[in-house]
Number of protein chains: 6
Amino acid sequence: MSGPILVVNPNSNAEVTAGLDRALAPFRLGGGPEIECLTLAEGPFGVESRRDGDAVILPMLALLRSRSDAAAVVVACYSDPGVETLREQLAIPVFGIQEAGVLAALGRADRFGVIALSEASIARHRRHLRGLGLLDRWVGEEAVALSVAESAHALATLEEAGRRLSARGAGALVLGCTGMAEARGPLAAALGVPVIEPTQAAVALALHAVLAA
Amino acid sequence: MSGPILVVNPNSNAEVTAGLDRALAPFRLGGGPEIECLTLAEGPFGVESRRDGDAVILPMLALLRSRSDAAAVVVACYSDPGVETLREQLAIPVFGIQEAGVLAALGRADRFGVIALSEASIARHRRHLRGLGLLDRWVGEEAVALSVAESAHALATLEEAGRRLSARGAGALVLGCTGMAEARGPLAAALGVPVIEPTQAAVALALHAVLAA
Amino acid sequence: MSGPILVVNPNSNAEVTAGLDRALAPFRLGGGPEIECLTLAEGPFGVESRRDGDAVILPMLALLRSRSDAAAVVVACYSDPGVETLREQLAIPVFGIQEAGVLAALGRADRFGVIALSEASIARHRRHLRGLGLLDRWVGEEAVALSVAESAHALATLEEAGRRLSARGAGALVLGCTGMAEARGPLAAALGVPVIEPTQAAVALALHAVLAA
Amino acid sequence: MSGPILVVNPNSNAEVTAGLDRALAPFRLGGGPEIECLTLAEGPFGVESRRDGDAVILPMLALLRSRSDAAAVVVACYSDPGVETLREQLAIPVFGIQEAGVLAALGRADRFGVIALSEASIARHRRHLRGLGLLDRWVGEEAVALSVAESAHALATLEEAGRRLSARGAGALVLGCTGMAEARGPLAAALGVPVIEPTQAAVALALHAVLAA
Amino acid sequence: MSGPILVVNPNSNAEVTAGLDRALAPFRLGGGPEIECLTLAEGPFGVESRRDGDAVILPMLALLRSRSDAAAVVVACYSDPGVETLREQLAIPVFGIQEAGVLAALGRADRFGVIALSEASIARHRRHLRGLGLLDRWVGEEAVALSVAESAHALATLEEAGRRLSARGAGALVLGCTGMAEARGPLAAALGVPVIEPTQAAVALALHAVLAA
Amino acid sequence: MSGPILVVNPNSNAEVTAGLDRALAPFRLGGGPEIECLTLAEGPFGVESRRDGDAVILPMLALLRSRSDAAAVVVACYSDPGVETLREQLAIPVFGIQEAGVLAALGRADRFGVIALSEASIARHRRHLRGLGLLDRWVGEEAVALSVAESAHALATLEEAGRRLSARGAGALVLGCTGMAEARGPLAAALGVPVIEPTQAAVALALHAVLAA
């Protein structure tokens with residue numbers, strides 16, 4: 001029997017963790033691994049800069065070293081903080097949600113777009129995608145000026161951003177933040193294109209890694 | 001309750017289908033979708049050329065149109081025949097195993113390599129990867145001169161190919177054929193790097209699409 | 001004495017074939033190969049989807065196998081259906097008109113644009129160009145919402161699309177359909193940039209292959 | 001009646017011009033344009049450096065300005081000296097033979113290789129291909145240490161270079177110098193892959209431009 | 001004691017040279033190399049085409065061969081005429097200002113933009129950047145329709161172009177002409193992003209080469 | 001009068017800092033900024049993993065916040081830890097030495113190679129270069145199995161690595177570690193190609209930024 005998939009929210013906002021927990025319910029299956037969501041107590045209330053992202057890496061590493069039962073790890077922050085370092089330091093599979101969300105989108109359509117929470121994050125996401133060598137299939141991002149909390153409920157705003165991305169050629173959309181999980185289904189229904197919730201996508205990759213082991 | 005994930009083996013070799021069926025056992029989970037493996041009666045005994053790949057597209061489409069219960073489709077042939085056409089024609093998610101295997105590898109390591117069954121297939125795979133925009137992270141392929149049937153049992157040969165790919169910088173390996181599923185675990189254990197069985201990878205993407213819907 | 005260059009129109013619309021035949025008249029030269037235009041009886045009336053393109057591959061292959069006198073083949077459909085398969089299966093040179101049109105444009109200018117018949121085809125063309133590794137020099141496509149029949153006569157509409165592409169940096173234009181051949185000359189005169197009719201471009205490549213052999 | 005296609009040999013070695021003239025005989029067709037080969041009197045005996053290439057640009061421009069009858073120009077030196085400048089300054093189509101040779105190869109195979117006359121030229125060719133955005137499909141070059149004069153007759157040496165390029169994945173070969181035209185046919189026969197003589201390829205593009213005008 | 005860094009203005013407009021001389025004053029440091037600005041007497045009054053650029057290469061080479069005391073050379077024209085040829089022919093380091101300006105921008109920000117003097121030059125700059133393999137980090141260029149002389153004083157126009165480039169994602173700006181040096185400081189202050197004067201950037205690279213030798 | 005350029009050695013090995021200090025002596029010029037080398041007391045004895053790199057970011061940030069007099073910062077570790085974060089958090093120019101070394105090499109030659117201290121670091125460097133979009137011009141790296149201390153004196157070993165990189169097409173070399181500065185001059189003399197010491201290159205970029213301000 002394998003250990004759990006740990007989903008680490010690297011900010012200290014337990015409401016975000018609770019939202020992730022609800023979003024992952026469909027992935028808890030009979031005979032499959034447990035999926036356990038953790039809040040990083042040492043994290044900032046939100047990861048909103050590179051500095052914030054750097055600051056959570058060593059605490060996440062310490063937390064994960066204390067959980068030798070884990071079968072796989074998901075870092076549930078769209079800037080993928082510490083993912084490469086955790087891969088270097090831990091023997092188990094490690095997944096970042098930006099990476100996973102984008103990979104899931106690539107499995108659904110030739111080109112994808114991302115709904116970002118702020119203009120400022122777009123340049124960081126683009127920089128990350130170049131590092132991943134995946135810019136060729138990215139149509140771009142559209143920012144909705146919403147807080148994490150608002151983003152779950154602002155369906156009309158998300159829908160408008162999604163339509164703009166479709167018009168730019170996106171055949172699939174990625175939600176560029178952990179807070180929009182509840183909007184995923186309604187948005188997909190309204191737009192008629194696949195909409196990827198990135199923590200779900202990362203957990204699916206983790207399930208694959210654990211079940212195939 | 002969702003319909004099944006259909007895994008279509010587009011060749012008419014039922015032994016290959018049976019092998020896939022065994023490889024997918026771990027992905028049949030309580031509360032999750034059924035996973036049903038089908039043999040394409042009209043297919044050639046093996047898909048070994050572009051022409052073979054072209055010939056199976058319309059029969060697969062007809063087969064899948066007759067299965068309106070399906071929740072998602074996996075085309076279980078490493079040359080991904082018909083995947084784009086099926087996406088165009090069907091309303092459900094469609095996954096190709098080369099695409100899915102490579103995406104899974106990208107979620108585990110910066111660069112990956114592929115163990116191919118023949119030299120001749122490498123150029124086709126490379127061509128496909130350029131079309132997917134994913135060549136940047138591909139270290140290359142190593143061919144083992146084995147039949148599909150032999151490939152399941154020739155662990156030493158596969159291991160040697162895998163070591164060559166690791167030496168070329170591959171941090172993850174993809175098995176470039178449907179016949180090597182049984183070798184996946186031993187190979188990963190011997191080499192100490194993630195080894196991706198591509199039909200499992202595609203089924204995991206399909207699970208994600210179905211469970212998140 | 002070499003055999004003919006066969007230009008296969010993979011749809012069953014004989015008027016399109018007749019238009020191609022007229023457009024190729026200047027390439028029938030004393031001492032050069034014959035240029036013979038064929039209609040694929042088994043083809044759809046128009047190739048308007050990937051599925052349509054897949055459906056014509058095996059019939060084209062059968063037709064061409066029956067013509068062992070052929071010196072080279074041009075597939076006269078802008079989606080280049082079956083080109084790679086025919087190259088695999090036949091010993092003679094095979095040319096696709098999208099490929100050829102784009103290569104001709106690359107020989108005339110640093111960057112090129114394409115006049116497409118529909119928005120829907122742009123994404124397929126872009127996907128094909130990525131596969132060919134030629135996106136760097138593509139400024140984009142502009143769609144004119146015309147039928148194949150209308151496109152030959154709608155000079156003002158084509159001119160407007162051409163001007164938009166020039167403004168985006170295109171130094172040469174490719175007509176993204178077989179039906180616009182008659183508009184080529186007037187359009188080039190009106191816009192002052194090279195305008196490539198892709199079947200002519202493919203026949204020129206075929207002439208090269210045959211004459212140099 | 002259109003004017004001639006001018007093929008300018010930018011070095012002053014008239015034997016090279018005579019060789020080009022013979023190689024182009026098959027492209028002189030009834031009803032087609034004349035093909036006239038010129039030697040640049042002001043050119044060096046061979047173009048063997050960037051400096052040599054720079055030095056021939058203005059004299060070529062002067063020569064071509066004196067030939068207002070020309071319908072198209074081919075610059076018959078594999079380093080493509082002055083091609084962009086001539087395009088800027090002249091109203092007629094201008095073709096470089098490296099560009100044309102590579103474009104012809106791209107119309108025959110997914111990836112191509114080049115037989116170069118010297119190791120030193122490979123870096124310059126590679127640099128030019130990056131500028132053209134065509135590196136993705138280039139498997140590399142193999143140098144044969146031959147003079148221009150020797151290269152026409154050293155079939156065994158060329159064949160060996162060609163086999164090495166095929167083994168690296170080249171499905172078509174380009175002769176990277178104007179002096180190897182006589183070897184083209186025997187080499188293609190020996191190797192079983194398309195072998196492109198680049199001045200022929202450029203003349204074919206020029207024929208297309210002139211005939212379609 | 002090393003020889004001087006020679007900054008060659010390849011046009012014959014001595015006012016441009018004088019402006020460069022003033023702009024380079026801060027780089028004349030105690031114990032460092034002299035920085036000497038030269039006007040190319042044989043140059044055109046302005047380098048405004050590829051032809052102009054070609055015409056200055058051999059005269060620059062002759063001038064530099066006469067200056068065996070030089071420790072390094074900067075070609076002070078944004079089209080980088082002759083830079084590769086001078087590198088081939090001279091034993092000392094050679095720097096082009098477009099190259100240097102862009103490299104300096106890459107050291108300050110993820111993506112950069114360029115303020116060009118004319119629409120016509122943008123395509124040439126873009127072509128050069130593809131040749132340098134640096135397009136991935138270029139957001140584009142904005143042209144100000146100014147003469148070289150006007151460009152030094154048209155701060156409002158430059159600022160507007162700079163803001164458009166920032167909005168397109170540029171984190172640093174390069175002045176795409178030798179005439180705007182005086183505007184550099186005010187522009188950087190107004191926009192709050194690094195603004196690179198390319199001759200200064202090239203002299204800094206030359207200083208590095210000379211001081212480290 | 002501007003403040004100093006701070007060169008931060010993020011490891012706690014003061015001997016490395018002393019070596020940097022000596023290597024930077026030529027860049028201390030009359031009238032130019034001071035160049036001050038600092039050892040990060042909180043750093044590990046060597047930065048040998050991503051984790052080590054992550055661990056020094058916040059201490060470097062604290063150190064630099066305490067030095068409001070600084071005019072520019074150089075992070076003197078070849079893995080460029082914290083460079084993007086420092087750029088986000090500080091108002092002054094920040095330079096990483098891998099970035100700067102590579103940019104300097106790009107200003108000297110079409111393609112460059114890197115002498116790395118260990119095989120393990122090559123994959124990290126390659127990953128960083130993809131993120132920077134600069135892989136096109138990188139021929140690769142050759143590892144010398146030396147400690148940082150040994151690397152300064154093992155000229156024969158470095159020379160052999162340099163020759164291998166030249167044979168792979170490198171026209172300039174970058175020393176991929178802070179410890180080899182003393183070998184720079186002898187290596188360049190022995191190999192006849194530019195050899196870049198990356199901390200010197202970064203200080204030259206910093207000088208540019210400070211002098212032009």
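This is a predicted model: local features need pLDDT of at least 70, side-chain atom pairs count only at pLDDT 80 or more; totals for chains, interfaces and linings use all residues.
Stop 1: Start by colouring residues 5–96 plus 200–211 of chain A as domain 1, and residues 99–197 as domain 2. Their C-alpha centres are 20 Å apart. Where they touch, domain 1 of chain A contributes 17 residues and domain 2 of chain A contributes 14 residues. To see the domain 1 side of this contact, select helix 1 (14–23), strand 4 (94–96) and helix 10 (198–211) of chain A, each of which supplies at least two residues. By class, that side of domain 1 has 11 nonpolar residues, five polar and one charged.

**Stop 2: helix 10 meets helix 10.** Now show side chains. On the chain A helix, pick Q200(A), A201(A), A204(A), L205(A), L207(A) and H208(A); their partners on the chain B helix are Q200(B), A201(B), A204(B), L205(B), L207(B) and H208(B).

**Stop 3: an aspartate in a loop.** Go back to chain A and find the loop between strand 3 (72–75) and helix 4 (83–89), where D80(A) sits. Is D80(A) buried or exposed? It counts as buried, because 23 other C-beta atoms lie within 10 Å and the cut-off is 20 or more. Check the backbone too: phi of D80(A) is near 55°, a positive value in a residue that is not glycine.

**Stop 4: chain F.** Finally, select D80(F), in the loop between strand 3 (72–75) and helix 4 (83–89) of chain F. D80(F) has a positive phi of about 55°, and this residue is buried, with 24 other C-beta atoms within 10 Å.

Terms used. Residues are numbered from 1 along each chain as its sequence is written. Chains are lettered from A and ligands numbered from 1 in the order in which they are written. Domain bounds come from an automatic or database domain assignment. Two residues are in contact if their C-beta atoms, placed from the backbone, lie within 7 Å. Helices (H or I, at least four residues) and strands (E, at least two) are DSSP runs, numbered from the N terminus. Ala, Val, Leu, Ile, Met, Phe, Trp, Tyr, Cys and Pro count as nonpolar, Asp, Glu, Lys and Arg as charged, and the others, Gly among them, as polar. A residue is buried if 20 or more other C-beta atoms lie within 10 Å of its own, exposed if 12 or fewer, and partly exposed in between; C-beta atoms are placed from the backbone.
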